[in-house]
Amino acid sequence: MPSIDDIDDDTDQYLAFAAEVAGLTKGQVVARLVVDARRRAGAGREELRPREIEEPHAVRVYADYAGHRTYASFVPGPGRIEITSGPLAGQILRTPSQAARRIVEHYKPGVSSSRNGWAFFVVEESGLPLQSLRHR
């Protein structure tokens, strides 16, 4: 089994944190970093994607708030949200409610950000609240 032998405690803690936030293992985080680095270097994503990473099919969702539409990907299983548009693009949040709070905090900092993300986000394909996918 492959391993990384020379890793300091700070890096290990960083990987553990990143894995927890993304709903992945530390190895999957490293694999994604390698894939991203190779892709930026000009290689094709398909030929470099590690086979052991089995990502559940992401669902495109959006949220309309304060006159702004924010698109995101919802990953069933871990339930995480990756924001894919606007000034928050690239942020990965552990739950739909965390993502909803981040959007509210960004656009209206003075307003209470307490939100139910399952009702806040809409499934792009069906137009139904994200709640409609919660128990599938």
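These legends describe close-up views of one predicted model. Local features need pLDDT of at least 70, side-chain atom pairs count only at pLDDT 80 or more, and totals for chains, interfaces and linings use all residues. Residues are numbered from 1 along each chain as its sequence is written, and side-chain values use heavy atoms, with hydrogens and water left out.

View 1. Strand S1 spans residues 59–65. Strands (E, at least two residues) and helices (H or I, at least four) are DSSP runs, numbered from the N terminus. S1 is mostly covered, with 5 of its 7 residues buried. Buried means under 20% relative accessible area, exposed means over 50%, and partly exposed lies in between (1.4 Å probe, protein chains only). Two strands pair if DSSP finds at least two bridges between them. S1 pairs with strand S2 (residues 68–75) in the antiparallel sense, over 7 bridges. S1 also pairs with strand S5 (residues 122–123), again antiparallel, over 2 bridges. There, Val61 has Val123 as its bridge partner.

View 2. Ala66 is found in the loop between S1 and S2. This hairpin has 2 residues between the strands. Phi of Ala66 is near 55 degrees, a positive value in a residue other than glycine. Ala66 has a relative accessible area of 36%, so this residue is partly exposed.

View 3. Tyr62 stands opposite Tyr71 in S2. Rings of Phe, Tyr and Trp (its six-membered ring) pair if their centres lie within 6.5 Å; planes under 30 degrees apart count as stacked, over 60 as edge-to-face and the rest as tilted. The Tyr62 and Tyr71 ring centres are 6.1 Å apart and the planes meet at 55 degrees, so this pair is tilted. Tyr62 is buried at 15% relative accessible area, while Tyr71 is partly exposed at 24%. Arg69 lies over the face of Tyr62, 3.9 Å from the ring centre. A charge sits over a ring if NZ of Lys or CZ of Arg is within 6 Å of the ring centre and within 35 degrees of the ring normal.

**View 4. Two salt bridges.** The structure holds 2 salt bridges. Each is a side-chain nitrogen of Lys or Arg within 4 Å of a carboxyl oxygen of Asp or Glu. Arg60 meets Glu124 at 2.7 Å, N to O. Arg60 lies in S1 and Glu124 in the segment after S5, so the pair ties together parts that are 64 residues apart in sequence. Arg69 meets Asp64, also at 2.7 Å, N to O. Arg69 is partly exposed at 41%, and Asp64 is partly exposed at 45%.

**View 5. The largest nonpolar core.** A nonpolar core is a set of buried Ala, Val, Leu, Ile, Met, Phe, Trp, Tyr and Cys residues joined through side-chain atoms within 4.5 Å. The largest has 20 residues, and Val61, Ile81, Ile103, Phe120, Phe121 and Leu130 touch the most other members. Two or more residues come from each of S1, S2, strand S3 (80–83), helix H4 (96–107) and helix H5 (117–120). A second, separate core has 6 residues, including Leu15, Ala19, Leu24 and Val29.

**View 6. Phe120 and Phe121.** Both Phe120 and Phe121 are buried. Ring pairs link Tyr65, Phe120 and Phe121 into a cluster.
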